[in-house]
Amino acid sequence: MSKVPSLTLNNGVTMPQLGFGVWQVPDAEAAEAVGTALEAGYRSIDTAAVYENERGTGQALTASGLPREELFVTTKLWNDEQGYDSTLRAFDASLERLGLDYVDLYLIHWPVPAQDTYVDTYKAFEKILADGRARSIGVSNFLPEHLERLMDATSVVPVVNQIELHPQLAQAESRAFHARHEIATEAWSPLGQGRGLLEVPAIAAVARKHGRTAAQVVLRWHLQLGNVVIPKSVTPSRIRENIDVFDFELDTEDMAAFAALDEGRRLGPDPAVFGA
Ligand code: NAD
């Protein structure tokens with residue numbers, strides 16, 4: 001079984017560099033998919049209140065019999081729950097659905113700048129952290145300008161910013177900003193949602209060269225950049241394939257071939273306006 005390396009976050013907590021994402025997995029199928037992932041060696045699971053599968057995810061965590069301290073569970077606060085009091089209530093509801101006493105990482109799902117509530121929301125996150133109910137707090141889909149404002153107005157630097165990132169959206173500016181502030185970059189849709197990216201000829205060529213699949217070389221690219229990745233699949237063979245990426249390395253030439261693919265192409269919404 002592959003051994004997944006960990007990154008040390010800016011608060012000293014360690015986080016597996018590769019985890020399992022469950023967006024679009026129905027609650028009734030989440031327990032099976034997460035169970036398969038845990039059997040395959042994943043220990044980090046990424047869910048969110050809006051995915052409506054925290055219950056199924058939690059069932060798999062309990063059923064696995066794994067010690068809680070070996071697991072790293074992330075969930076996220078949805079946009080319409082932002083605000084101090086509503087965040088505290090939404091967090092209680094997430095914990096209850098997950099069947100946990102604490103999460104390892106709690107994220108603000110989107111900044112929703114037009115709503116202008118992410119600072120108050122994050123103050124509630126700081127309370128949840130101080131109460132020991134989240135081991136770490138962070139954000140998702142924040143642009144550097146949102147992070148600047150948040151860090152000016154609050155005292156705990158987010159450990160992570162989870163953003164859309166794949167070879168066609170390499171996010172150099174955000175990655176450099178995060179690095180300057182010791183914020184880990186976590187890549188969502190790391191495989192470009194499997195839509196077309198895995199058929200790009202340059203990626204297929206790198207895959208052939210290493211005798212690996214396109215998904216595996218894309219995940220290697222992320223890992224070698226230092227990104228945290230959370231690929232999603234409900235297919236057991238792919239779940240196993242996506243974690244089997246720790247016994248080979250891309251060379252400089254391969255990394256350059258990937259760098260040439262960046263075209264700033266978003267698959268998801270623009271964080272500057274989403275949720276407005
Ligand atoms: P992904 O890039 O992980 O792609 C998943 C899709 O790729 C699968 O549905 C399947 O079609 C295909 N795939 C997976 N493994 C494959 C393989 N080995 N070979 C061929 N095809 C394969 O996309 P995602 O689910 O959008 O992103 C991963 C996770 O990121 C999500 O599950 C979720 O946890 C998180 N996420 C977060 C946000 C956010 O706003 N914070 C947004 C989207 C996703």
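This is a predicted model: local features need pLDDT of at least 70, side-chain atom pairs count only at pLDDT 80 or more; totals for chains, interfaces and linings use all residues.
Y51 and H109 touch each other in the model. The largest pocket has a volume of about 710 Å³, and the largest cavity holds about 40 Å³ of space.

**Y51**

- Y51 sits in the loop that runs between β4 (44–46) and α2 (54–64).
- The relative accessibility of Y51 is 15%, and Y51 therefore counts as buried, the cut-off being under 20%.
- Leaving out residues up to four places away in sequence, Y51 touches V22, W23, V25, D46, K76 and H109.

**H109**

- H109 belongs to the loop between β6 (105–108) and α4 (118–130).
- H109 has a relative accessibility of 6% and so counts as buried.
- Apart from neighbours within four places in sequence, H109 is in contact with A48, V50, Y51, K76, L77, W78, N79, S140 and N141.

**Largest pocket**

- The lining of the largest pocket is made up of 35 residues.
- W23, Q24, S189, Q193 and K232 are the lining residues that lie nearest the centre of the largest pocket.
- By residue class, the lining of the largest pocket has 17 nonpolar, 14 polar and four charged residues.
- Two helices, α8 (214–225) and α9 (236–243), each contribute at least two residues to this lining.
- The largest share of the lining of the largest pocket is that of α9, with three residues.

**Largest cavity**

- The structure has one cavity of 30 Å³ or more.
- The space inside the largest cavity comes to about 40 Å³.
- The largest cavity is lined by N141, F142, L143, I163, E164, Q171, S174, R266 and P271.
- These lining residues divide into four nonpolar, three polar and two charged.

Note on methods. Residues are numbered from 1 along each chain as its sequence is written. Side-chain values use heavy atoms; hydrogens and water are left out. Helices (H or I, at least four residues) and strands (E, at least two) are DSSP runs, numbered from the N terminus. Buried means under 20% relative accessible area, exposed over 50%, partly exposed in between (1.4 Å probe, protein chains only). Contact means heavy atoms within 4.5 Å. On a 1 Å grid over the protein atoms alone, a cavity is a set of points where a 1.4 Å probe fits but cannot get out, and a pocket is an open set with protein on both sides within 12 Å along at least five of seven lines; lining residues have an atom within 4 Å of a point. Grid points are joined across faces, edges and corners, and a volume is the space filled by probe spheres set on the points. Ala, Val, Leu, Ile, Met, Phe, Trp, Tyr, Cys and Pro count as nonpolar, Asp, Glu, Lys and Arg as charged, and the others, Gly among them, as polar.
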